[in-house]
Amino acid sequence: MVGRKVIAFFIAALLAQAASAVIEVTVTRSTEAKQPIAVVPFGWQHGGEPQSVDIAAIVRDDLARTGLFEPIPFDSLPGRPHRYDQINFKDWRLLGPGSLVIGNITPSLTAEGGFVVEFELYDVLRQRRVIGYQLTASAQAMRRVAHQIADYIHEQLTGNPGAFDTRVAYVTEQRGADGSARYRLSIADVDGHNEQVILDSSRPIMSPSWSPDGTRLAYVSFESERPHVYMQTVATGDRERITDFPGINGAPAFSPDGDRLAMTLSKDGNPEIYIMDLRNRRLRRMTNDPAIDTEPAWSPDGRFLAFTSDRGGRPQIYRVAADRGGQAERITFEGSYNARPVFSPDGKKLALVHGGGGRYRIGLLDLENGALQVLTDSSLDESPSFAPNGGMILYATREGAGSVLSAVSPDGRMRQRLAVRTGGVREPAWSPFRN
């Protein structure tokens with residue numbers, strides 16, 4: 001009986017369709033009042049051939065995808081200034097943007113093959129510079145520089161750090177003509193570029209989790225027939241098997257300090273929450289209940305673990321002290337199904353999968369007053385993951401016969417669709433800020 005229930009908990013999220021590695025991002029809902037902004041194509045100085053990466057276009061597209069900004073099309077710009085003395089503020093005020101971004105790219109005099117990228121953000125009405133930065137990068141890193149520029153602009157204009165210079169981990173499944181399956185764990189920039197395959201396997205992969213410094217991924221692989229937890233360094237590909245216990249080894253989650261992994265193990269006969277110290281591989285059992293305890297999530301301060309349990313008869317979210325375990329507190333009461341918790345970066349809310357009436361949608365629980373807000377209107381959502389700035393919640397959702405990734409703001413007003421060009425994609429995990 002327990003074995004079948006465990007399989008249902010851990011295998012349900014593995015259904016996926018054929019997928020390409022490139023993600024396309026589309027805004028499907030945005031705020032009614034968007035900030036007009038002009039991003040001018042960057043200038044090239046001191047000769048040299050322009051690179052294939054269009055920094056201004058990337059910055060423009062990053063800002064547009066938030067649903068907060070309305071960039072002016074390049075062909076509608078009244079000029080192409082690259083310096084302050086080239087800006088005719090009267091023309092720009094007539095066009096209407098409140099903010100203007102200009103920039104220059106020059107070959108680096110100190111880094112061979114590198115470039116210096118300068119940009120400035122201007123307040124058009126006040127005719128003054130708001131911020132200006134100079135960044136140096138290789139040709140291969142120019143897309144990242146563009147994302148960093150968009151981050152600077154987003155923070156200056158909204159007061160909230162941008163999350164464009166981050167990555168997303170996700171799992172895809174590709175079916176061959178003979179029905180055989182290939183599973184891939186990949187990461188990509190949040191705009192879908194620079195895809196990197198972390199693991200390619202004929203066996204299912206699930207539950208990717210980022211280390212807090214963004215250098216490692218923990219995940220579950222069935223490559224040895226049974227589920228095991230692995231940890232892999234993103235830059236080098238080096239990996240190691242973290243668990244090899246009988247039964248279930250699943251749902252890994254890094255602690256905020258990166259030294260521990262919370263996980264679900266059934267080595268003692270029943271699925272329980274454990275914490276492993278990665279420095280010495282010692283285990284500490286956190287729960288002890290005949291029900292299924294799974295999907296642990298750390299609070300940002302490391303004090304608590306939220307997890308899913310059916311100890312009350314149906315899946316609900318519980319919380320236990322991370323320093324001692326033991327008695328757990330139930331924290332969800334609305335609806336017959338609440339699962340897959342994840343804390344907001346400020347620790348004040350939980351995103352979760354909320355079910356009722358045959359529909360499973362993304363909900364947001366306020367931990368201070370217990371209020372639960374349903375953010376989506378689809379029928380089968382799963383695997384919520386917060387952006388590191390708390391501005392969006394990424395999740396997987398069923399679409400037709402397959403699945404796509406979507407993102408919704410914590411107030412439900414902004415939505416994005418992130419889809420591979422063919423098939424489906426699941427198990428998303430948004431990375432922390434990059435160093």
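1. Ile242 touches Val229, Tyr230, Met231, Leu261, Met276, Leu278 and Arg281, when residues up to four places away in sequence are not counted, a contact meaning heavy atoms within 4.5 Å. Ile242 lies in the loop between strand S14 (239-241) and strand S15 (249-254), where helices (H or I, at least four residues) and strands (E, at least two) are DSSP runs, numbered from the N terminus. At 7% relative accessibility Ile242 counts as buried, the terms being buried for under 20% relative accessible area, exposed for over 50% and partly exposed in between, with a 1.4 Å probe and protein chains only. Pro81, by comparison, is 161 residues from Ile242 in sequence and 55 Å from it in space, C-alpha to C-alpha.

2. On the basis of the values, this is a predicted model, in which local features need pLDDT of at least 70 and side-chain atom pairs count only at pLDDT 80 or more, while totals for chains, interfaces and linings use all residues. Residues are numbered from 1 along each chain as its sequence is written, and side-chain values use heavy atoms, with hydrogens and water left out.

3. Leu125 is found in another loop, the one between strand S6 (114-123) and strand S7 (128-138). With a relative accessibility of 66%, Leu125 counts as exposed.

4. Taken along the principal axes, the C-alpha atoms fill a box of roughly 75 × 45 × 45 Å. Of the 435 residues, 54% count as buried, and among contacts between residues at least 6 apart in sequence, 45% join residues at least 24 apart.

5. Strand S31 (residues 426-430) has five of its five residues buried, so it is largely enclosed by the rest of the structure. Strand S8 (residues 167-175) pairs with S31 in the antiparallel sense over three bridges, two strands being paired if DSSP finds at least two bridges between them. The bridge partner of Val168 in S31 is Trp430.

6. An open sheet is formed by four strands in the order S19-S20-S21-S22, with antiparallel pairing. Its edge strands are strand S19 (293-298) and strand S22 (329-330), each of which pairs on one side only. S19 and strand S20 (residues 304-309) run antiparallel and are joined by four bridges, and Thr294 stands opposite Thr308 in S20.

7. Two residues deserve a look for their backbone angles. Most residues other than glycine have a negative phi. Glu295, however, has a phi near 55°, a positive value in a residue other than glycine; this residue is found in strand S19 and is buried, with a relative accessible area of 17%. Ser383 also has a positive phi, of about 55°, although it is not a glycine. Ser383 is found in strand S27 (residues 381-386) and is buried, with a relative accessible area of 1%.
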